[in-house]
Amino acid sequence: MTENAIEAHGLVKRYGDKRALDGVDLDVARGAVCALLGPNGAGKTTAVRVLTTLTAPDAGTATVAGHDIARDPVSVRRSLGLAAQDATVDGLLTGHENLTMIGELHHLGRKVARARADELLEQFSLIDARDKLARDFSGGMRRRLDLAATLVARPEILFLDEPTTGLDPRARNDLWDVLDQLVAQGSTILLTTQYLEEADRLADDIVVVDHGRVIARGDSRALKRQVGGDQLHVVVADRADLDAVAEIVERIARTAPTVDAGARSVSAPAEGGVAAIAELAHALTEAEIRVEDLGLSQPTLDDAFLTLTGAPAPAPAPSDVETQTETVEQTR
Amino acid sequence: MSNTFLSDTWVIARRGLKHMRRQPEALSDATIQPVMFVLLFAFVFGGAIAVPGGGSYKEFLMGGIFAQTIVFGAFGVAMSLSADRNNGAIDRFHSLPIPRASVLAGHSVANLIRALLPIAFMSATGFVVGWRIHSGFLDILGAYGLMLGFSFAIIWIGVLLGSLVSTPEAVQGVAFIAIFPITFIASTFVPTSTLPGVLKTIAEWNPTSSLANSLRHLFGNPGGIAPPGSVWPIAHPIAYTLIWAVAIVVVCAPLAVLQYQRSIKS
């Protein structure tokens, strides 16, 4: 038995010329929540498909709940619950029938499966929709039903592929609350997301992937640190002072600052932290420069994302349907 | 793992049957359409078509429409399978601890049950418009058995098609193009002897004709006795139909399973 709930080594998956996974290593401790963060087409969905045995890797090995994905796929499937990217609930079945069917296919027996379905509908506030066809559900209800379906057999590990994509902000917040509860109950969760905010909120451990590779990992603070830590930030009242300020900042930060003439701002990484800002304030007063704003700012996760992937972070617009293209590309 | 195959197949088949019940519009090709064909040909064209050797056209017609509807059945399977491939249902099933073959088997069982529906519908409609059976119990049993057997074979063509073609819309496109030559250049609505040259030869060797003629023979309906000097498929319709059914299963089933596995691999 391995310590980790998920362990992967050197996973490679090619689609034609494209390497969807290009040597991915991953380990997720039992009871941890790990977010795979990355832009569209980064390989997040492919990683989930490989780990859930939906697709076989071209190279590499992985164990899920201690079972090898290649040698013992059925045991792997028995220990996981998968919520795929586009809530694959069955529109022509009712909420209750959807969950009962999953339970029966987990071999709980018809009676237990029906009882478990009711229990989950209750837990996910879907009891009013028990006998409604799932095609008449709202987007948020479909996601909740989909999530409930993954929990039918009380799996050890949950795989959630972009669980909040396509939801409005309110439904997204509701779903986050549900996920919080699951986390509190000690589920191991691997989720994918392109929203930094979501990764930050839900996960202990964030793995940034791009072009099929893991390019960074750690908690959100560690990721921010990778971008260069705190920033000194000065906004001057008079644009004519910019050059003088840039000189002062450069002396204190011991590195060339970024000057934004439009915003009348000068910024530079601050090694010295609070001491540096005191020194800067003093120097600016001495030079008699009128300052509008002076501060120490932490980089956002968006900055981290930008620096790490070399691409602008996607705006957290949950109603964005663009994200669907990734699965389409990769499942065909 | 194989000990759950039958029960898993049945769970997935029950889902398929619920789908059919809740999508009556998708069932129209199995319900309204054959009934319409019976009424249309029996009352609109029927008067203008003479059955060689005499007899009621309505009785001649029924074997043909049974055969046509059974051949149409391929598209129901193909549609439901390609829909499942597109909406993620197949992925969900494959992430469950079930033998993967049960997904395909469940589809097949549901569609075999679905195939019984139009046969029952048409038998009733036929009876209302004046179709009568003039044979014994065993022959009737044989006729319905042959229909069921051929339906089973046809399902594999549907699975193959559903795995090859990427969307339900594309399945419809193929159905529209393929179905007319296959079911019309045959003895479905007219005796093959009335067709000109090449069409006659195609119709004589078309298994739709042999299935229609077998049913006419087994029901004791007009057109069920081959005229002397007929080509082998017309003279031995039941044997020819059975050969086709077996050949379809032997060729299409492995190909269909292979293609299905390829279609879900990536």
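How many salt bridges does the rule find across the interface of chain B and chain A? The legends below take up this predicted model, starting with that interface.

**View 1. Salt bridges and polar contacts link chain B and chain A.** The rule finds six salt bridges across the interface. In one salt bridge, Glu104(A) meets Arg14(B), with 3.0 Å between the closest N and O atoms.

**View 2. Helices of chain B face chain A.** Helix 1 (5–22), helix 3 (57–87), helix 4 (89–94) and helix 11 (237–265) of chain B each bring at least two residues to the side that touches chain A. Helix 1 of chain B gives the largest share, eight residues. By type, this side of chain B holds nine nonpolar, nine polar and nine charged residues. In total, 27 residues from chain B and 32 residues from chain A take part in the contact, and the two chains bury about 2,700 Å² between them, 54% of it on carbon and sulfur atoms.

**View 3. Four strands of chain A form an open sheet.** Their order is 12-13-11-14, with antiparallel pairing. Strand 12 (258–260) and strand 14 (291–297) of chain A each have a single partner strand, so one side of each lacks a neighbour in the sheet. From one strand to the next, the twist averages 15°.

**View 4. Strand 12 of chain A meets strand 13 of chain A.** Three bridges join this antiparallel pair, strand 13 spanning residues 265–269. Look for Val259(A), which stands opposite Val266(A).

Notes
Residues are numbered from 1 along each chain as its sequence is written. Chains are lettered from A and ligands numbered from 1 in the order in which they are written. This is a predicted model: local features need pLDDT of at least 70, side-chain atom pairs count only at pLDDT 80 or more; totals for chains, interfaces and linings use all residues. Side-chain values use heavy atoms; hydrogens and water are left out. Two strands pair if DSSP finds at least two bridges between them. Axes are lines fitted to C-alpha atoms, for helices over the stretch in contact, and angles run from 0 to 180 degrees between N-to-C directions. Contact means heavy atoms within 4.5 Å. Buried area is the accessible area (1.4 Å probe) that two parts lose on being put together, summed over both. A salt bridge is a side-chain nitrogen of Lys or Arg within 4 Å of a carboxyl oxygen of Asp or Glu. A polar contact is a pair of N or O atoms within 3.5 Å; within protein, one must be able to donate a hydrogen and the other to accept it, and residues adjacent in sequence count only if both atoms are side-chain atoms. Ala, Val, Leu, Ile, Met, Phe, Trp, Tyr, Cys and Pro count as nonpolar, Asp, Glu, Lys and Arg as charged, and the others, Gly among them, as polar.
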